[in-house]
Amino acid sequence: MGKRVTVFNPGPAMLPDPVLERVQTEMLDFAGTGMSVMEMSHRSKQFEGVLNDAVSRIKRLLRLGERYHVLFLQGGASLQFAMVPMNLAQDGKSVAYVDTGSWASKAVKEARLLKKDVTLVASSTDRDYTYIPKNIAIDENLSYLHLTSNNTIRGTQWHYFPESGDVPLVSDMSSDIFSRLFNPEPFGLIYAGAQKNAGPSGVTIVIIREDMLERTPRDIPTMLKYSTFTESNSLYNTPPCFAIYVVGLVMQWLEENIGGLENMEDLNRRKANLIYDYLDNQDFYRNPVERDSRSWMNVVFRLPTQELEQDFIQEANQVGLVGLKGHRSVGGCRASLYNAVDLKAVESLVDFMKEFVRSKG
Ligand SMILES: Cc1ncc(COP(=O)(O)O)c(C=O)c1O
């Protein structure tokens with residue numbers, strides 16, 4: 001077997017070693033069944049146990065109250081860009097968005113395609129999406145306010161959530177769910193593709209508050225209604241069983257190995273501080289993001305030239321630090337420091353960055 005590398009990929013991303021090892025040991029015989037979770041009926045008692053365990057762990061970790069349902073859907077976070085306005089837009093009220101670039105813009109695009117009355121309450125396009133807008137004024141006559149809690153491509157993150165009164169917040173938390181604690185109460189709906197902090201690709205976690213279900217229009221397709229999945233415990237049709245199983249193991253790792261989201265948040269803060277402190281105290285690498293908007297999950301940086309960026313990515317690869325290329329739409333470099341990337345990995349990256357400057361700077 002080859003050497004395991006440190007994966008700084010933006011998603012699919014690194015998974016904790018203990019989770020992968022557990023998957024390996026259970027691959028041919030899950031819990032004495034003599035079969036893999038991949039081979040099991042999704043209607044079996046065993047699989048129902050797997051699914052319910054994952055749901056309970058998510059509820060405990062995020063401290064979700066009784067009013068929240070946890071669902072496992074398909075179609076990625078990208079399908080949620082459409083399902084959210086389809087299910088939650090109310091007659092006579094507009095749907096509000098904050099455009100913080102890339103994925104947030106795509107969410108706006110889908111709401112417009114569906115001919116919803118879209119209000120853009122704030123945008124950071126004026127400074128190339130390098131910050132999170134502040135002091136957002138919210139009109140009470142809105143169906144919901146959508147924001148992207150962490151902007152994977154731009155490397156920005158909301159470190160506070162706007163006060164929205166009776167207007168429910170809806171958030172795409174694909175790239176920072178389970179990275180920190182937050183108060184779920186103002187959120188009517190949260191969604192996240194699993195493939196960053198929660199597990200493999202193929203499953204999308206949707207957390208929906210009970211009162212949001214009353215909004216579902218009758219005339220949308222069954223598979224696009226949240227109520228279809230709340231009524232069937234995510235088992236209306238065949239779910240992505242294996243991905244749900246791995247999500248459950250990642251949640252177990254968070255609870256039992258890490259000790260919950262307070263500890264995870266503390267670790268993530270230390271990881272982010274380590275790399276930003278370094279970036280702030282030299283002038284070879286440059287992080288374009290305003291300080292109070294910096295993402296703890298995706299650290300974007302530029303080198304003096306594109307040639308140096310290519311060398312950096314290639315040489316890092318050679319020493320087992322992989323996945324440091326920025327998104328193709330913005331270029332540069334990006335280190336994604338999701339939960340499974342530990343402090344030691346970030347220390348190795350910073351050491352490599354220092355060494356690279358010494359050899360090229
Ligand atoms: C914040 C955010 N939203 C949405 C997406 C799209 O997710 P999916 O590929 O699951 O549709 C991504 C993917 O990287 C993302 O980072």
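Let's start at Trp103, W103 on the slide: an N or O atom in the side chain of W103 lies 3.3 Å from an oxygen atom of the ligand. That is a polar contact, meaning a pair of N or O atoms within 3.5 Å. Keep in mind that this is a predicted model, where local features need pLDDT of at least 70 and side-chain atom pairs count only at pLDDT 80 or more, while totals for chains, interfaces and linings use all residues. Residues are numbered from 1 along each chain as its sequence is written, and side-chain values use heavy atoms, with hydrogens and water left out.

Two further contacts, then. The side chain of T152 has an N or O atom 2.4 Å from a ligand oxygen, and a polar side-chain atom of D172 is 2.6 Å from a ligand nitrogen. Of the 390 Å² that the ligand exposes when taken alone, the protein buries 85% (Shrake-Rupley areas, 1.4 Å probe).

Who else is around? The ligand is surrounded by 13 residues, each with a heavy atom within 4 Å. Helix α3, residues 76–88, supplies the largest share, four of them (helices are DSSP runs of H or I, at least four residues).

And where does the ligand sit? In the second largest pocket, with more than half of its atoms within 2 Å of the pocket's grid points. A pocket here is an open set of points on a 1 Å grid over the protein atoms alone, where a 1.4 Å probe fits, with protein on both sides within 12 Å along at least five of seven lines; lining residues have an atom within 4 Å of a point. α3 gives the most to this lining too, with four residues.

How values were computed:
Polar contact = N/O pair within 3.5 Å; in protein donor to acceptor, adjacent residues only side chain to side chain. Helix = DSSP H or I, 4+ residues; strand = E, 2+ residues; numbered from the N terminus.
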